[in-house]
Structures are given as structure tokens and as C-alpha cells.
Amino acid sequence: MSALLYGQIYIISFFAITLLLFSQALLKTKYNEKYYLTHPVLLSLLLLFLLALYFAYSPIELPSDKENYRIFFLFFLDDQVTFTDIGWPLYVEFIREFTSNELLFFFITACIYISGYCVFIKKYIPPNYFFYFLVACCASFGFYSYGTNTIRSGIALSFLLTAFALKDKRILFFIFVLIAAMFHKSMLIPAAVFFSAFYIRHARFYLLIWILVFFISYVDIPGVGFFIQETFDDVDSRIISYISGPVAPDYKVGFRWDFVIYSVLHIIYGLYYMADKGFDDPFYRQIFNTYVGVNAVWLLMIRVPYTDRFAYLSWFLIPFILLYPVIKSDSGSFKNIQIGLIISLIAFFNLSIDVLFK
């Protein structure tokens with residue numbers, strides 16, 4: 001089975017799951033029942049196990065990031081593939097102390113990746129909504145890719161989400177940020193913005209930065225490209241390979257209006273809840289400001305090939321931006337329908353991008 005078809009099966013399956021959840025929401029609203037599952041923890045653990053298994057068995061294309069990780073794991077001492085981030089070699093060396101089976105290696109890695117989301121969700125989402133929120137994350141755009149291809153970024157993101165969940169315990173927060181950066185230094189960007197958003201809390205500040213960076217990027221001011229190359233080469237040398245390396249013929253390069261619109265819609269949504277509906281939650285404001293600030297950094301790299309990989313440093317927060325205010329606020333009898341509809345729309349967008357337009 002091709003990797004493309006394997007991924008499409010995943011996306012279609014989750015779209016079907018979200019439709020079932022939406023149907024359940026409609027029925028429970030009709031009969032004035034609460035939108036809860038009877039065994040959310042058991043269902044979540046089952047989903048985690050099945051997802052990790054599915055990710056582990058995902059086909060390997062040539063060339064691909066997963067193939068590089070496979071070679072690195074199998075031929076660890078031969079230096080056929082090298083990584084500058086020290087966390088990944090240490091992790092591979094640790095796993096090889098227990099097994100040399102590549103499927104088990106990818107299974108363990110997938111479990112760690114998904115577990116980071118679980119820690120984050122458990123901290124900020126009421127238990128009765130845990131499973132729904134986890135499904136929304138799994139169905140969102142980019143989640144599958146981070147679990148099956150850009151795996152090193154995925155495991156780094158898992159540690160970053162754990163750091164976000166431990167934000168009130170500063171020592172543990174910085175420890176997990178450090179671990180995340182050891183796996184992929186790009187995680188320093190959302191970590192830095194998240195930390196600054198704890199002190200600079202006004203959304204207007206981040207929105208003004210976003211607008212300024214948008215115009216700079218859109219006009220393509222001379223020297224910006226050189227600035228990106230010099231600055232971000234110190235963070236992640238792979239960015240330079242994206243700038244100067246070959247690009248797949250079907251990948252659009254340039255100012256991506258589709259990605260900008262996708263990002264802006266969620267900014268508008270967050271502003272609507274905070275400004276128009278008066279939703280005042282300190283952590284939601286911090287997450288919203290983090291999303292806007294990191295998205296502004298991505299705008300500087302919007303013309304770089306495979307820019308969606310950098311955009312996901314902010315996009316992974318989208319399920320939280322969409323669902324958290326609905327879950328936390330009193331939306332009356334239509335709360336169930338709102339939650340089910342949002343989850344379905346998240347999955348439908350992923351389906352549209354990865355299936356209908358490929």
C-alpha cells in the first residue's frame with residue numbers, strides 16, 4: 001500500500017468518527033442529555049494504542065524523513081545518517097538498549113508523541129471532554145504527518161506540550177523545553193513566545209507584530225531572505241536546505257495565500273470569543289498570543305519550500321483555540337452541537353486538503 005493511500009485511509013476514518021460524534025451531539029441535544037461518554041479514559045487509551053500501532057506500520061517512501069530515521073535506528077553506529085540535535089541520537093541509543101526492532105521503535109515513538117497531547121489535554125480540558133478533544137487533535141491538519149514522517153519534530157512537540165502543561169512549575173517547564181529543543185531546536189520558537197506571553201498579555205501587541213510582519217513578508221523587502229538565512233541557520237540548519245534544495249514538482253512555492261487565510265480564520269475566531277463574547281480566560285489568552293506570535297515568525301519563512309512544516313509550530317494549537325472557549329463557556333443547549341460541529345469541521349478541512357486536492 002502506498003503512503004498516500006495509507007494516509008488517506010487515516011483521514012477518512014477520522015472524518016467518519018467526527019461525523020459519528022456530531023450525530024451523537026445532535027441526538028443528545030434533542031433528548032436534553034449531556035454530551036458525555038461513559039468510558040472516556042478507556043476509549044482514549046484504546047485510541048492511543050491503535051494510533052501508535054497505525055503510525056508504526058505506516059509505509060516508508062523513498063526518499064522520506066521516516067526512511068532516514070529508520071536507517072539511523074538500524075545502522076546507529078555506522079553514521080549513514082547524522083543529526084545535529086543531540087536528543088534524537090541519545091533517544092535512539094536508549095531504545096536500542098532494549099530492542100533492535102524498527103516497528104517497535106516507531107511504535108514507542110508514536111506513543112510518546114500522542115502522550116504529550118494527552119498530558120496537555122488532561123491539564124486543561126475537563127475529563128468528560130477529554131476524548132472529544134483528543135479526536136479533534138488527531139483529526140487536525142498536520143497531526144498525522146508529525147506522527148509518521150517528521151517524527152523527530154513530533155516527539156519534540158510532545159515534550160513541548162508537556163512543558164506547557166507544567167507552566168506553573170517553572171523548573172519542570174524549562175527542563176521539558178530543553179528536552180524538546182534537544183530533539184528539534186525549532187521548538188525554541190513556540191516555547192519563547194509562550195513564555196513571553198505570560199508577561200506580555202495584551203493580544204493587541206501580538207496582533208500588531210503579526211500585521212507588521214505580514215506586510216514585510218508580502219512586499220518581500222530585500223534583505224529579509226538573507227536575515228532569515230543568517231538567523232534561522234543557527235536554530236535549525238535544515239531550513240537552509242529547504243531554501244536551497246530541490247522542491248517536489250507538485251509543491252507550491254511563494255507567498256501562500258491559502259495558508260495565510262487558514263491562519264487568519266483562527267485568529268478572527270479567537271478574537272471573536274475574547275472581544276465579542278467576553279471570554280476572559282488567562283490561559284486561553286496566553287495560548288492565543290502564542291499562536292499569533294509564532295504564526296508571525298512563520299510569515300517570515302512563508303516563501304520557503306515546505307513552509308507548512310514551520311507553520312505547524314503554531315497550527316498545532318488550533319484545536320485548542322477552537323474548542324477550549326466552547327467547552328469552558330456556558331453555551332446553553334447548543335453546546336453539544338457546537339463541539340461536534342467544530343470537531344467535524346477540523347476533520348473536514350484535513351480531508352479536503354489531503355484527499356480532495358491531491
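Me: Where does Phe174 lie, and is Phe174 buried, partly exposed or exposed?
Reply: This is a predicted model. Phe174 lies in helix H9. Its relative accessibility is 42%. Buried needs under 20% and exposed needs over 50%, so Phe174 counts as partly exposed.

Me: How far apart are the C-alpha atoms of Phe174 and Leu160?
Reply: Phe174 and Leu160 are 14 residues apart along the chain. Their C-alpha atoms are separated by 9.6 Å.

Me: Which residues of H10 does the H9 side meet?
Reply: H9 contributes Arg170, Phe173, Phe174, Val177 and Ala181 to this contact. By class, the residues of the contact of H9 with H10 divide into 10 nonpolar, no polar and 1 charged.

Me: What is the orientation of H9 and H10 to each other?
Reply: Helix H9 spans residues 170-183 and helix H10 spans residues 188-199. Their axes are 9 Å apart, at an angle of about 155°. Angles over 145 degrees count as roughly antiparallel. H9 and H10 are therefore roughly antiparallel.

Me: What is the orientation of H15 to H16?
Reply: Helix H15 covers residues 282-299, and helix H16 covers residues 308-315. The axes come within 8 Å and cross at roughly 170°. With a cut-off of over 145 degrees, that makes H15 roughly antiparallel to H16.

Me: How many nonpolar, polar and charged residues has the contact of H15 with H16?
Reply: From H15 come Tyr291, Val294, Asn295 and Trp298. They meet Phe310, Ala311, Leu313, Ser314 and Trp315 in H16. The contact has 7 nonpolar, 2 polar and no charged residues.

Me: Is H3 roughly parallel, roughly perpendicular, roughly antiparallel or oblique to H5?
Reply: Helix H3 (residues 65-74) and helix H5 (residues 102-124) pack with axes 10 Å apart. The angle is about 120°. Roughly perpendicular covers 65 to 115 degrees, and roughly antiparallel starts over 145. That makes H3 to H5 oblique.

Me: Which residues of H5 does H3 meet, and what is the handedness of the crossing?
Reply: Lys66, Tyr69, Arg70, Phe73 and Leu74 are the H3 residues in the contact. They meet Glu102, Phe105 and Phe106 in H5. The residues of this contact divide into 5 nonpolar, no polar and 3 charged. As for handedness, H3 passes H5 in a crossing that is right-handed.

Me: How many residues of H3 are buried?
Reply: The buried residues in H3 are Asp65, Lys66, Glu67, Tyr69, Ile71, Phe72 and Phe73. H3 is mostly covered. The count of buried residues is 7 of 10.

Me: Which residues does Ala52 touch beyond four places in sequence?
Reply: Ala52 is in helix H2, residues 40-56. At 0% relative accessibility, Ala52 counts as buried. The C-alpha atoms of Ala52 and Phe107 are separated by 5.4 Å, although the two are 55 residues apart along the chain. Beyond four places in sequence, Ala52 touches Phe107, Ala110, Cys111 and Ile114.

Me: Which residues are in contact with Ala139, leaving aside neighbours within four places?
Reply: Ala139 lies in helix H6, residues 130-139. Its relative accessibility is 2%, so Ala139 counts as buried. Ala139 and Phe14 are 125 residues apart in sequence, yet 5.8 Å apart C-alpha to C-alpha. The contacts of Ala139 are Phe14, Thr18, Ile346, Ala347 and Asn350.

Me: Which backbone oxygen does the side chain of Asn350 reach?
Reply: Asn350 is found in helix H18, residues 335-356. Its relative accessible area is 4%, so Asn350 is buried. Leaving aside neighbours within four places, Asn350 is in contact with Ile11, Ala139, Ser140 and Phe141. The side chain of Asn350 reaches, at 3.4 Å, the backbone oxygen of Ser140.

Me: What share of the contacts with a separation of 6 or more comes from residues 24 or more positions apart?
Reply: The protein has 18 helices and 0 strands. Of its 358 residues, 54% count as buried. Among contacts with a separation of 6 or more, residues 24 or more positions apart account for 76%.

How values were computed:
Residues are numbered from 1 along each chain as its sequence is written. This is a predicted model: local features need pLDDT of at least 70, side-chain atom pairs count only at pLDDT 80 or more; totals for chains, interfaces and linings use all residues. Side-chain values use heavy atoms; hydrogens and water are left out. Axes are lines fitted to C-alpha atoms, for helices over the stretch in contact, and angles run from 0 to 180 degrees between N-to-C directions. Helices (H or I, at least four residues) and strands (E, at least two) are DSSP runs, numbered from the N terminus. Angles under 35 degrees count as roughly parallel, over 145 as roughly antiparallel, 65 to 115 as roughly perpendicular and the rest as oblique. A crossing is left-handed if the near helix is turned anticlockwise from the far one by less than a right angle, and right-handed if clockwise. Contact means heavy atoms within 4.5 Å. Ala, Val, Leu, Ile, Met, Phe, Trp, Tyr, Cys and Pro count as nonpolar, Asp, Glu, Lys and Arg as charged, and the others, Gly among them, as polar. Buried means under 20% relative accessible area, exposed over 50%, partly exposed in between (1.4 Å probe, protein chains only). A polar contact is a pair of N or O atoms within 3.5 Å; within protein, one must be able to donate a hydrogen and the other to accept it, and residues adjacent in sequence count only if both atoms are side-chain atoms.
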